[in-house]
Amino acid sequence: MAKNNKKMVDAITSMDEDFAKWYTDICMKAELVSYTSVKGCMVIRPYGYAIWENIQRILDGRFKELGHENVCMPMFIPESLLQKEKDHVEGFAPEVAWVTHGGSEKLEDRLCVRPTSETLFCEHYSNIVHSYRDLPKLYNQWVSVVRWEKTTRPFLRSREFLWQEGHTIHETAEEAIEETERMLNCYADFCEHDLAMPVVKGRKTESDKFAGAEATYAIEALMHDGKALQAGTSHYFGDGFARAFDIQFTGRDNKLAYPHQTSWGVTTRLIGAVIMTHGDDNGLVLPPAVAPVQVVIVPIAQHKEGVLDEAQKIYDKLKACGVRVKLDDSNNSPGWKFAEYEMKGIPVRVEIGPKDIENGQCIVATRYNGEKITVSLENMLETLKDTVIEMLEKTIPEGMYKKAAENRENKTYRCKTMDEIKAALEEKGDGFVKAMWCGDEACEDKVKEITGVGSRCIPFDQEEIDDVCVCCGKPAKKMVLWGKAY
Ligand code: ZN
């Protein structure tokens with residue numbers, strides 16, 4: 001069994017050695033995904049899917065709390081419908097998959113498999129929105145979409161992926177802008193609170209915004225290797241789509257007007273973000289809020305009298321409090337079990353053996369920092385229950401957040417010149433660069449060309465690094481967050 005344990009640990013590449021390989025190893029060894037014969041698509045295995053279900057459950061609750069309703073649109077979009085908004089079709093055309101035949105019959109108007117559903121929502125709104133009394137409509141759907149990507153990686157980029165897309169339509173621009181910001185904040189709060197992942201909120205530059213949007217807002221997270229990952233986006237459309245799709249309503253003044261729209265989404269990419277924010281060389285490290293199993297109980301010398309009984313009592317106690325708990329009484333050795341559940345990223349491990357029972361205690365180990373504490377079994381396990389719940393709800397997410405935030409701060413470089421950017425990246429490795437920008441697209445391109453970091457967003461929290469553009473030396477308008485992106 002010891003041999004088995006060793007073999008398992010050996011199988012993961014160290015993240016410092018090869019981060020990409022480390023990532024793939026975790027996806028496979030923690031049984032999150034599996035490859036298929038469908039090129040660019042993956043199977044999300046039960047353990048990976050259970051993480052997604054937890055993400056979905058929490059976010060869905062938050063959306064509904066804010067007044068949104070779930071709907072379900074068709075997965076096909078007729079080409080004629082997709083063509084209606086010019087920027088939108090141009091943006092998505094290179095990566096859509098087409099259905100050209102139904103059975104053996106060639107379709108007159110070919111169908112694209114939805115890459116996103118703005119056009120379908122717009123067509124629907126034009127049928128159901130007639131008066132200001134019909135507004136707002138706050139819709140969301142949980143579906144999969146298809147984008148014909150050339151290179152793919154588990155969770156980060158695949159041809160078909162799961163997501164939610166929120167679509168809302170409002171009487172006024174102000175309301176729609178408020179909604180765009182509200183949903184960005186909703187995502188940011190979810191990432192920071194439930195995924196223990198710090199994010200930067202900001203606005204995308206003109207060149208980087210969503211096809212057809214007036215403004216795109218995003219949350220950006222920094223991964224362990226210093227690369228940036230866009231974790232969620234929220235778009236304000238103005239009345240552009242409404243005009244293209246001829247959605248009009250009778251306003252309070254009895255005049256016809258165009259409504260204002262938004263859309264916002266997060267995807268299974270968030271699982272990739274969790275892996276690359278919190279994972280280590282022993283495997284996955286999951287935030288308790290989305291961990292399929294929050295506590296695993298590992299009996300030591302379980303053949304000895306009383307051990308399994310005591311382990312079962314702990315299981316029952318935690319289960320009764322709503323903790324997602326697993327008791328592993330299989331014949332694998334404790335060493336194998338430790339390695340296995342570290343790989344799976346289970347936040348808390350409870351160890352209990354004959355000596356512990358004799359002393360009226362058990363050992364509680366924390367996955368993210370490897371700390372072990374002894375906890376009393378007295379008082380009908382009340383102390384143990386309180387300790388574990390406090391860890392799951394507070395200490396662990398806060399500690400994980402702090403660790404990730406420190407890592408991000410260590411890899412955030414404030415630079416005044418292009419040379420400073422190049423030097424920082426060379427000396428300290430990839431990371432976020434904060435530098436000033438004049439607002440000119442040519443400078444944005446030049447920074448990327450020369451230093452390798454592209455603009456991620458214009459953060460809402462601005463810092464005054466300098467008063468001139470990092471590229472051209474003209475007066476600066478904004479501080480931009482730059483980075484190499486996934
Ligand atoms: Zn400039």
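Visitor: How are helices and strands defined here, and how many of each are there in the protein chain?

Guide: Helices and strands are DSSP runs, a helix having at least four residues and a strand at least two, and they are numbered from the N terminus. The structure is a predicted model. Counted in this way, the protein chain has 15 helices and 23 strands.

Visitor: What radius of gyration does the protein chain have, and what would a compact globule have?

Guide: The C-alpha atoms of the protein chain fill a box of roughly 80 × 55 × 50 Å along the principal axes. For 486 residues, a compact globule would have a radius of gyration near 23 Å. The chain agrees with this, as its own radius of gyration is 25 Å.

Visitor: What percentage of the residues of the protein chain count as buried?

Guide: A residue is buried when its relative accessible area is under 20%. The protein chain exposes about 22000 Å², of which carbon and sulfur atoms supply 48%. Of its 486 residues, the share that counts as buried is 54%.

Visitor: Among contacts between residues at least 6 apart in sequence, what percentage join residues at least 24 apart?

Guide: Contact requires heavy atoms within 4.5 Å. Among contacts in the protein chain between residues at least 6 apart in sequence, the share joining residues at least 24 apart is 68%.

Visitor: How far apart are the mean positions of the positive and negative charges?

Guide: The protein chain has 62 positive charges and 78 negative charges.

Visitor: Within what arc do the buried residues of helix H14 fall?

Guide: Helix H14 covers residues 418-428, and its buried residues are Met418, Ile421, Ala424 and Leu425. They line one face of the helix, because seen down the axis of H14 they fall within an arc of 130°. An α-helix has 3.6 residues a turn, so residues three or four places apart point the same way. For the buried residues of H14, the arc is 130°.

Visitor: Which exposed residues does H14 carry on the face turned away from its buried side, and what covers the buried residues?

Guide: The exposed residues on the face turned away are Asp419, Glu426 and Glu427. On the buried side, the cover includes strand E20 (412-414), strand E21 (432-437) and helix H15 (441-451).

Visitor: Which residue follows H14, and what is its phi?

Guide: The residue that follows H14 is glycine 429. Its phi is positive, near 90°.

Visitor: Which peptide bond is cis, with omega near -5°?

Guide: Most residues other than glycine have a negative phi, and most peptide bonds are trans. Proline 136 lies in the loop between helix H6 (118-128) and strand E7 (137-146). The cis bond, with omega near -5°, runs from leucine 135 to proline 136.

Visitor: Is alanine 196 buried or exposed?

Guide: Alanine 196 is found in the loop between helix H7 (173-193) and strand E9 (200-203). Its phi is positive, about 55°, although it is not a glycine. With a relative accessibility of 0%, alanine 196 counts as buried.

Visitor: What is the relative accessible area of glutamate 31?

Guide: Glutamate 31 is found in the loop between helix H2 (19-29) and strand E1 (33-35). Although it is not a glycine, glutamate 31 has a positive phi of about 60°. Glutamate 31 is partly exposed, and its relative accessible area is 34%.

Visitor: What distance separates the C-alpha atoms of arginine 153 and glycine 40?

Guide: Arginine 153 lies in the loop between E7 and strand E8 (160-170), and at 25% relative accessibility it counts as partly exposed. Neighbours within four places in sequence aside, arginine 153 is in contact with Ala20, Tyr23, Ser158 and Tyr486. Arginine 153 and glycine 40 are 113 residues apart along the chain, and their C-alpha atoms are separated by 7.8 Å.

Visitor: Which residues does aspartate 87 touch, not counting residues up to four places away in sequence?

Guide: Aspartate 87 has its place in helix H5 (residues 86-92). With a relative accessible area of 40%, aspartate 87 is partly exposed. Not counting residues up to four places away in sequence, it touches Ala211 and Gly212.

Visitor: Is glutamate 351 buried or exposed?

Guide: Glutamate 351 lies in strand E17 (residues 348-352). Leaving aside neighbours within four places in sequence, its contacts include Val298, Ile300, Phe338 and Lys372. Its relative accessible area is 7%, and glutamate 351 is therefore buried.

Conventions:
Residues numbered from 1 in each chain as written. Predicted model: local features only at pLDDT ≥ 70, side-chain atom pairs only at ≥ 80, totals over all residues. Heavy atoms only, no water. Rg over C-alpha atoms; globule rule 2.2 N^0.38 Å. Buried < 20%, exposed > 50% of the residue type's maximum accessible area, 1.4 Å probe, protein only. Areas by Shrake-Rupley, 256 points an atom, 1.4 Å probe, with all protein chains shown as cover. Lys, Arg positive; Asp, Glu negative; His and termini not counted. Charge placed at Lys NZ, Arg CZ, Asp CG, Glu CD. Arc of directions from axis to C-beta.
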